[in-house]
Amino acid sequence: LKFGPREKASCKSRVVAARASYSMAAVEQSIKRKGFQDGDGKELLPASQKKFKEADDTGREAHRKAEELTSEIAKESMSTEIPDVAKPFVGAQPKLLRKPEMATEDQEQRATAVASHSLATLIKDAKGVVVVLAQDSMHSKAARALLEASADESSVIEAAPSVVALSSDWQHTLPGTISEIPKAKDGDRLLIYIGTPGKYEAMCIRSDKGQFEHAYKANRLVVLVKGVCMLPIGTQEENIFGVDERAVLEAISSALKQKGKIAWGLGAGTKSNYMQKAYGYPGPQDMPKDMEFSEGSTGCFDCLAEYVKFTNDLKLAKPEMTIKNYYDTGLTVSVLMATVTQKGSSLLTDGDGLAMLRDASIGHIISKLNQVTTVHPLSRQKSIYNFWIGDGANRLNGGTELAFHLMEGYQTNSLTNLFIFNNESWAIEDNLVADTYHHHHLNNKGFYDLLAEHSRVCICEMELELREILSYLSGKMQRFAVAQVDEHPAAQKVQTGLHIVIVRGLNMSLPPVLGDLDPIRKSREMHFMRKVLGQFSQGCEHRIPIYGCSAFEYIQYLHIFKQEMPEGKKYQYICGRTDIQAAHMCGFQQAEGKCVLFINDVYGINSLGESLRMILSGFGGRQVLIVIWHPSLMKALDNFHLHRPPMVWPNLGPTLAQYYVRKETDALFVDYQGCNTTIEKVNDALGSGKPLVVVNMLPEQECNVISLDARIKAIM
């Protein structure tokens, strides 16, 4: 047989393909599921012979609760509402901070005097007062004195006009169970929250339950954080910026004591136990028994919640020992936290853990993992840590690569377990559009399969395997806790360091969270996109890329624009794996020499500088339209939005971008408030070839408003 050049090339390609297919099959065959192994490659946890029964009534109820929590959290975290443009704004609202703004000492004194005098009057006139102290107020002497002044006798609790309680977030740093906080709406009482609230944190630990919103609407909400106080003034809530929070808290404490007795708010006879946990060391309790699970399925979330409860019991038995859990951001981990809370257990985290939940920055706990592993004396203290993260968040701050670096490169005196939920997906924003962007799928199953070849990595494919590894880890933690590392022979049986548990099978049924999309179709934002992006793409042969990443603020606008609007057919959406990557990509050469970047007002500006330097270098050939989006102000808790300081929404993007521009003819910076004149300016700038156009899509509360000169006399 004779072959020509074409036939030879075809034959060669088939041989190469066959070899590649055989090679991949051989690799897959060589990869075996492994549990933890010792130094000799011996399995530390033999294969189970247990049989798994179907879920009974208790198990089915646990499954139902997990699905219910998933739906609730999705609806709370993904608002489908847009503000009513015709509604006048009343009450406190976040300050859109375009430039740094710090009160002088004189301004601080006046602001503090106004807040203190107003609060003293409010407390005096209130029917009753509920004071809730957040965890980050614990270092305040006034806060501690207020707690110590309270009484937990039943007679006082029933009659006292004021009540003080540790917040839910503070309780989640203490081992044991969580107690309900008195509801201010019962009896129309004034609610005073001391410390930093967090919208995302409240969602995860199910703590707010509408209390802030009810008190806000009733003009009975006070929130005191560092430098800012929200309080009722006249007929509505207002924010006073630049206060001395310590002096204001002293004024609150003094007014409460003048009003009468102060009751302890977490139950009769419980004060001593809570105060010992918060400010000292309670006496040790008995060591917990080995973890046991029911014979029937209860779902992985329920099993993990039982494991968290075990860490609480272990901490109660060894109060002097560091035992902490850290939880990252993401739907799966949020449902885990909600399940733990629903079962009445503490998350057993600390102030850093709460701060990360308030900030809701994905991958944040990986940086905490790095700290406790590398920094002295943290790495030398006898400790137990558990970290929980989804595979979407685990891509950031080093992720698994950093975990392996720490595992191989550092010796610690701690047991550290990193739980990674391998769901192969991220960006729950997809549920706002009832569609799945292929950019949001994570093709990482093979990656984690390879990692499981390491002796300190295991994969749990199903609930039974997860139960067994949790039982194994709990027993290991128990042996480690009772052993004196340098003396007790049992300590030699416990291998310290980092271990990784990859958990699969936690895929959740999440219905779309759509709401009424017609207002979005008719919105001023959609009008802008159609007019500006429509003209920007004229004459282009290829679809123009719209780069983005964190898309909660704009994904519904973008989806409707691409799916329903004719102008959207000229665009392709490219989702970076991070906001940094999205910013990087907009700075590269584009097929048509132009692109669009959608970012939000805070974390979207990461690495924008590198791209702006690329765009504004040389003598042409690049043009980018940057659109900065903001969240919506719909509820009182939006004053405490993730990624933003309390009651302030920094607007850094336009100012940052201006640092890279040398002359006005190279860039246009505009605020869009729904005006057609702004659209014309943007189109003219893009049409003239300006390399950089930045559009600040102002949130509704900042659009077409005027500021009134309202003044309050400070009584010094």
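Trainee: Which residue in β13 does N417 stand opposite?

Mentor: N417 stands opposite H499 in β13, where strands are DSSP runs of E with at least two residues and helices are runs of H or I with at least four, numbered from the N terminus. This is a predicted model, in which local features need pLDDT of at least 70, side-chain atom pairs count only at pLDDT 80 or more, and totals for chains, interfaces and linings use all residues. Residues are numbered from 1 along each chain as its sequence is written, and side-chain values use heavy atoms, with hydrogens and water left out.

Trainee: How many bridges join β11 to β13?

Mentor: Seven bridges join strand β11 (residues 414–421) to strand β13 (residues 497–503), and the two run parallel; strands count as paired if DSSP finds at least two bridges between them.

Trainee: And what order do the strands of the open sheet take?

Mentor: The order is β9-β10-β11-β13-β12, five strands with parallel pairing, and the edge strands, β9 (322–327) and β12 (457–460), each pair on one side only.

Trainee: Switching topic, which residues have the most contacts inside the largest nonpolar core?

Mentor: They are V131, I192 and I252, in a core of 67 residues. A nonpolar core is a set of buried Ala, Val, Leu, Ile, Met, Phe, Trp, Tyr and Cys residues joined through side-chain atoms within 4.5 Å, and buried means under 20% relative accessible area with a 1.4 Å probe, protein chains only.

Trainee: Which helix gives the most to this core?

Mentor: Helix α3 (residues 105–125) does, with six residues, and apart from this core lies another, of 59 residues, including F528 and C586.

Key:
Buried means under 20% relative accessible area, exposed over 50%, partly exposed in between (1.4 Å probe, protein chains only).
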